[in-house]
Amino acid sequence: MLGRQDVDTVAVDNPVQTEFGDNLSWVCPAIEEILDANPQLTFTVEDVYAACMNCSATLWTTDDGFVVTTSEVDTFNNERTFLIWLAWAKVRGNNLVVKHQNFFMDYARDRGFKKIEVRSAVPELSSYVLAYGWQVDTVVYTRDL
């Protein structure tokens with residue numbers, strides 16, 4: 001993670017790696033909002049905080065919101081996927097995935113990732129990303145037993 005950043009002073013264009021602890025006042029309530037809207041998610045705000053603090057995840061901020069990224073390794077071919085784990089926007093519907101996709105694709109490619117991935121239960125995301133070169137890989141449906 002890079003040095004201290006405040007959401008109100010982050011550059012407008014590119015996301016900036018940001019210290020989670022310096023942004024608790026607005027990032028934690030936003031993660032709670034995500035969790036409240038997606039009760040199937042099993043992690044907590046504290047889990048996200050811990051992942052960022054132990055450098056297994058990264059918080060990125062812009063004037064528009066934030067994303068938390070992490071990585072996964074394919075068990076069978078060892079290829080790494082850059083996962084946009086969480087995303088939150090101050091104002092929904094501004095197509096921030098598309099606005100920042102080149103930044104994250106370049107970042108991931110430069111670090112040897114083979115894929116970039118976003119997961120979401122929000123159906124509207126599909127119409128945004130499919131029009132900009134993303135593809136559907138897997139749709140997961142679950143049912144509690």
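Trainee: Why is C55 called exposed?

Mentor: This is a predicted model, and every value is computed from it. C55 has a relative accessible area of 59%. Exposed means over 50%, so C55 counts as exposed.

Trainee: Where is C55 found?

Mentor: C55 is in the loop between α2 and β2. The C-alpha atoms of C55 and I34 are separated by 21 Å. Along the chain, these two residues are 21 residues apart.

Trainee: Where is the place of N78, and why is N78 called exposed?

Mentor: N78 sits in the loop between β3 and β4. The relative accessible area of N78 is 57%. The cut-off is over 50%, so N78 is exposed.

Trainee: Now the aromatic rings. How many aromatic pairs does a search of the whole structure find?

Mentor: The search finds 12 aromatic pairs. One of them joins W60 and F104, at 5.3 Å centre to centre with 90° between the planes.

Trainee: Why is the pair of W60 and F104 called edge-to-face?

Mentor: Take the two values in turn. Ring centres must lie within 6.5 Å, and these are 5.3 Å apart. Planes over 60 degrees apart count as edge-to-face, and here the angle is 90°. So the pair of W60 and F104 is edge-to-face.

Trainee: What does the pair of W60 and F104 tie together?

Mentor: W60 lies in strand β2 and F104 in helix α3, residues 96-110. The pair therefore ties together parts that are 44 residues apart in sequence. Both W60 and F104 are buried.

Trainee: What makes W60 and Y107 an edge-to-face pair?

Mentor: Their centres are 4.9 Å apart, with 80° between the planes. The limits are within 6.5 Å and over 60 degrees, so the pair of W60 and Y107 is edge-to-face. W60 is in strand β2 and Y107 in helix α3, so this pair ties together parts that are 47 residues apart in sequence.

Trainee: Why do W60 and Y107 count as buried?

Mentor: Buried means under 20% relative accessible area. W60 is at 3%, so W60 counts as buried. Y107 is at 17%, so Y107 counts as buried too.

Trainee: Which residues form one aromatic cluster with W60?

Mentor: F82, F103, F104, Y107 and F113 form one cluster with W60.

Trainee: Which residues line the second largest pocket?

Mentor: Its lining includes C55, T58, F82, Y107, R111 and F113. The volume is about 150 Å³. Strand β3 gives the most to the lining, with 3 residues. By class, the lining has 5 nonpolar, 5 polar and 1 charged residues.

Trainee: How do you know that the span of helix α1 agrees with its 14 residues?

Mentor: At 1.5 Å a residue, α1 (residues 24-37) should span 20 Å. The C-alpha atoms at its ends are 20 Å apart, so the two agree.

Trainee: Which residues of α1 are buried, and what do they pack against?

Mentor: W26, V27, C28, A30, I31, I34 and L35 are buried. The buried residues of α1 pack against α2, β2, β3 and β4.

Note on methods
Residues are numbered from 1 along each chain as its sequence is written. This is a predicted model: local features need pLDDT of at least 70, side-chain atom pairs count only at pLDDT 80 or more; totals for chains, interfaces and linings use all residues. Side-chain values use heavy atoms; hydrogens and water are left out. Helices (H or I, at least four residues) and strands (E, at least two) are DSSP runs, numbered from the N terminus. The expected span of a helix is 1.5 Å times one less than its number of residues. Buried means under 20% relative accessible area, exposed over 50%, partly exposed in between (1.4 Å probe, protein chains only). Contact means heavy atoms within 4.5 Å. On a 1 Å grid over the protein atoms alone, a cavity is a set of points where a 1.4 Å probe fits but cannot get out, and a pocket is an open set with protein on both sides within 12 Å along at least five of seven lines; lining residues have an atom within 4 Å of a point. Grid points are joined across faces, edges and corners, and a volume is the space filled by probe spheres set on the points. Ala, Val, Leu, Ile, Met, Phe, Trp, Tyr, Cys and Pro count as nonpolar, Asp, Glu, Lys and Arg as charged, and the others, Gly among them, as polar. Rings of Phe, Tyr and Trp (its six-membered ring) pair if their centres lie within 6.5 Å; planes under 30 degrees apart count as stacked, over 60 as edge-to-face and the rest as tilted.
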